[in-house]
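Hi,

Here's the structure I promised to pass on.

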Amino acid sequence: GQNKILVSACLMGYQVRYNGSEKAQLATALARWQRERRLVIFCPELAAGLPTPRPPAEIVAADGDKVLQARGQIIEITGRNVTAHYQLGAWLALRAARENGCIAALLTDGSPTCGSRFIYNGSFSGQRRSGAGVAAALLRQHGIAVFADQQIAELTAWMEQRDENSM
Ligand code: SF4
């Protein structure tokens, strides 16, 4: 079948961000892929049973890779440790990607789950650090190419190349 792309649900305008706000990023490429039924729209945190709205959470002094190795934690601003929920969300994202034949993922940057270029540093003060969230890290570990929401042009070029190669 056609190469598919796992997409953060909140990029498609669904109200799933922790604060319930929309993140409208429906670029022309996304609309086209959606028409072609190539998008697998997924929210790992919702899949793991976290509610909307939910308190913001950050990875404390680590990144997604460390959390997957149980050497980092994800804490809500309330202090609740939600590491296990976020790890589960990552595994569910990987399963969805595999079951649907996704070779790439377009994920919302900055999220402790979906971030791929930056995340927040765990101090809940808006401080960024470079690194990936748990789902992005896990997808990468399993060979899926992860792109941030600001990289639609890069993803488009990458997919075109893959499509040509598979023709
Ligand atoms: Fe969006 Fe990912 Fe957060 Fe879900 S887990 S709201 S898809 S950034």
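This is a predicted model: local features need pLDDT of at least 70, side-chain atom pairs count only at pLDDT 80 or more; totals for chains, interfaces and linings use all residues.

Residues are numbered from 1 along each chain as its sequence is written.

The ligand is surrounded by 12 residues, the closest being Ser-8, Cys-10, Cys-43, Ser-111 and Cys-114 (near here is a C-beta atom, placed from the backbone, within 6 Å).

Next, the sheet. It's an open one of 4 strands, ordered 2-1-5-8 with parallel pairing (strands are DSSP E runs of at least two residues and helices H or I runs of at least four, numbered from the N terminus; pairing takes at least two DSSP bridges). Strand 2 (39–42) and strand 8 sit at the edges with a single partner strand each, so one side of each has no neighbour in the sheet. Strand 5 and strand 8 pair over 4 bridges, and Leu-106 has Phe-147 in strand 8 as its bridge partner.

As for helix 5 (residues 134–141), 6 of its 8 residues are buried, so the rest of the structure largely encloses it (buried means 20 or more other C-beta atoms within 10 Å of the residue's own, all placed from the backbone). Val-134 and Leu-139 are among those buried. After helix 5 comes Gly-143, with a positive phi near 85°.

Cheers

Technical notes: A residue is buried if 20 or more other C-beta atoms lie within 10 Å of its own, exposed if 12 or fewer, and partly exposed in between; C-beta atoms are placed from the backbone.
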